Amino acid sequence: MDPMPGENATTPTVVEVARLLQGPPENRARLVSLFGSIDSSLKRTMVHYILDVPGAGYRVLEDMMNGSVPSITPVSPAAAWYERELKDQYGVELFGHPDPRSLLLHENWPGNCHPMVDSTQAVPWADEHYEFLQVEGDGVCEVAVGPVHAGIIEPGHFRFSVVGDNVLFLELRHFYTHKGTERLFQGTPVSSGQMLAESVSGDNCFAHAVAYCQAIEEAHAVTAPPLAQLVRLIGLELERMVAHIADVGALSGDIAFMLPAAYCSRIKEDLLQTSVRVIGSRFWRGIAVPGGVTRDISPSAAEMLREAVMQASGEFAKMAAIMLDRPSVQSRFEAAGVLHHSVAGDLAVVGPVARASGIDADIRRDHPYGAYRGLNFEIPSLHYGDVLARTRVRIDEVACSAQLILDALTQLQAGPIRTEVPQDVAFEGFSAIESPRGELLYWVKGEAGMLTRCHIKSPSFQNWPALPHAVVGNVIADFPLINKSFNLSYSGCDR
Amino acid sequence: MILDVIQRSLQSPNRLVPVESLLGRADGGRMPHVDVSLLTAEMAETACRLCPTSALSLVHREEKELLCLDYGQCIGCGRCAELKAFSIAERLTCCGVSKQRLVQYFDPERATEVETELDIPKAAGREILSLMGRALNIRQLDAGSCNGCEAEITALTNPYYDLERFGIHFVASPKHADLLLVTGSVTRNMAVAVKQTYEAVPAPKLVVAVGACGCSGGIFATSPAVAGPVDKVIPVDAYIPGCPPTPAMLLTGILEVLRRPTKPGK
């Protein structure tokens, strides 16, 4: 790999970050996140690098932004989108970035307006230019899909370059659902931030709320009471079950095998309806708050949940076994959309997608938090990297999550569910959790009960750039299936 | 093996929820209900302060200080439900209604709910009903939602709610649609696509804005990256509140929009 381009453009921090990110895969650090913030007291803009260093845990490195930032993308491709986001939000120049096109802000946004630093009062509608990458050659056609898709799906644009049915190249253009969430967090009271977090990616809303609350607790050096941590674990694992069951059903639906699809939608609905009876909300909204949770699980509710989880995981396991046993399923799933181990590593892919490509990583075990501390549980992982592997990882994780819930339910004991979070201090901190889609990290900063910055490292933002690598070489008709097997959130990515 | 499954499916109980027990149901939706007889002026003021959006506000009307509850802005955080006069609603009838009917006014001094003017039936709804009878094609459009509404709209096709039983289908193209079901606050980046999708739907057409974001912008209302609620970008016929609305609320809303005769069965 190239060293940092332009020796004089670099800084000691960037040199150190680049050093940590290089080397053989088992020794090098993984890029977790990269983002900017404004240090209002010193009136300077900072760039933060969060790395996961083998044997040393999370490490945060900080550097000042002086109008331009030396790009680490040539060293670690995983940084490509983060740096483009940094440029859009803060208006810094990227030095040595191979693709510095704008990412979050589409043609309608004036090129000289950067929402984290400039005034956003009445931003005019612009008509800027965006250049798609083009594949040239005999017989190459472009197929443009989206942003509006044929189904109940979120918006995003996919531009395929194909020869016949074969995909040569796929360019993603996302951020259609960009809602300026990180900008909105600025000035939000700490006590309301979880509501915004819940609306980052609705299907993983509890994971987002818990990650936010843990970051706030970490930054204020308080811990949620043990009972609150258990309730959170139950909610997180239930959310994982619901997400994976829905995904496996949808994968089956995508190859027109409707029986498992209908079954999975029914099992999912059973769990959501049980959630209403247990905690009062289908998706556990309004439950996680900084310092703890708003509701306890009564003994009778615990019993109800135990029965529902046992039944759901039993029925799902049977249906999944039948599904995987069908030759028609195998012929579509096997060897489709392979994401190679080395590509997954270079792009720092997380979650079930990483675990299906031979990267044995799970935040619950590698950086345990809350009630996961001291737990010993199985983490399924496979090395094939195809649609089948991603399906099988999810199927196995449903069983693990069910077991975690059943174990946690036996430990519920009466006690406090909320700790006070101090109001009058300056704070800064972060926390990561394993959401159904993988590592989800919130970094928060603020003072006197108000947030001045909240950065969300979303697993979808991390994993989307890996999708084209799994799609290239496949027929275009397999794209929906491959895309579904990643099942990334558009809103979670776009924020 | 697969034959066993089919046999078991045929023997397993029917999960379909009868329409009469779905209409108006709001459990799990975390929408507030106000018991006006317990409401005091002080409580109304506290509730407004607790509310993270402007769903609860105080308004002056005819020399009275009224508590205004706009379901279109409510994200169901449940904070007001801690107060004595507020609880979580088990039932909600304002689904698939006009913007005015999303709003309720309460007079804490007199402990009464203040009447608001009623809806004028929409011509498009009647026209579609007379043209299509019991068939309706819905095109769902995500204008910038968090995908919470999508999750619940998807649930409408599961064996509990089975929207197809009413002759209502989700279609892939706006050109096949009678009704656009739009979720999310319209982001700047989606505004053009939303307009173009609306234009692609043949007349007569209906547009229903879904969720707090679709109705009012919700928690994203003040974001500079958001163009506004759905009705700021395209004309909207009816609104379904909620964050996200439950499948029962969505179903109530869609049937209400059509003013479809749904007489209670046996």
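I take two strands as paired if DSSP finds at least two bridges between them. Helices (H or I, at least four residues) and strands (E, at least two) are DSSP runs, numbered from the N terminus.

**Ground rules**

I am working on a predicted model, where local features need pLDDT of at least 70, side-chain atom pairs count only at pLDDT 80 or more, and totals for chains, interfaces and linings use all residues. Residues are numbered from 1 along each chain as its sequence is written, chains are lettered from A and ligands numbered from 1 in the order in which they are written, and side-chain values use heavy atoms, with hydrogens and water left out.

**Entry 1**

I looked up Leu136(B) and found it opposite Ile168(B) in E8(B). Strands E7 (residues 136–142) and E8 (residues 168–170) of chain B run parallel, with three bridges between them. I then checked burial, where buried means under 20% relative accessible area, exposed over 50%, and partly exposed in between (1.4 Å probe, protein chains only). Strand E7 of chain B has six of its seven residues buried, so the rest of the structure largely encloses it.

Helix H4 (residues 148–155) of chain B is also largely enclosed by the rest of the structure, because seven of its eight residues are buried. Its buried residues include Cys149(B), Glu150(B), Glu152(B) and Ile153(B).

Asn147(B) sits in the loop between E7 and H4 of chain B. Its phi is positive, about 80°, although Asn147(B) is not a glycine. Asn147(B) is buried, at a relative accessible area of 4%.

**Entry 1: salt bridges**

I counted a salt bridge where a side-chain nitrogen of Lys or Arg is within 4 Å of a carboxyl oxygen of Asp or Glu. By this rule there are 37 salt bridges over all chains.

In the pair Arg173(A) and Glu107(A), the closest N and O atoms are 3.1 Å apart. Arg173(A) belongs to strand E8 (residues 166–173) of chain A and Glu107(A) to the loop between strands E5 (93–95) and E6 (141–145), so the bridge ties together parts 66 residues apart in sequence. Arg173(A) is buried at 5% relative accessible area, whereas Glu107(A) is partly exposed at 26%.

Glu182(A) and Arg453(A) form a salt bridge at 3.0 Å, N to O. Glu182(A) lies in helix H3 (residues 181–185) of chain A and Arg453(A) in strand E13 (residues 450–457), so this pair ties together parts that are 271 residues apart in sequence. Glu182(A) is buried at 3% relative accessibility, and Arg453(A) is buried at 2%.

For Glu269(A) and Arg282(A), the N to O distance in the salt bridge is 3.0 Å. Glu269(A) is in helix H7 (residues 258–279) of chain A and Arg282(A) in the loop between H7 and strand E9 (288–289), so the parts tied together are 13 residues apart in sequence. Glu269(A) is buried at 1% relative accessibility, and Arg282(A) is buried at 5%.

I also noted a network of salt bridges that links Glu237(A), Arg240(A), Arg355(A), Asp362(A), Arg364(A), Glu397(A) and Glu434(A).

**Entry 2: backbone points**

I found a cis peptide bond between Gly146(A) and Pro147(A), with omega about 15°. Pro147(A) is in the loop between E6 and strand E7 (157–163) of chain A. Another cis peptide bond runs from Ala203(B) to Pro204(B), with omega near -5°. Pro204(B) is in the loop between helix H5 (191–200) and strand E11 (206–210) of chain B.

Ala335(A) is not a glycine, yet has a positive phi of about 65°. I placed Ala335(A) in the loop between helix H9 (327–333) and helix H10 (341–346) of chain A. Ala335(A) is exposed, at 57% relative accessibility.

I looked up Ser491(A) in helix H17 (residues 490–494) of chain A. Ser491(A) is buried, with a relative accessible area of 0%.
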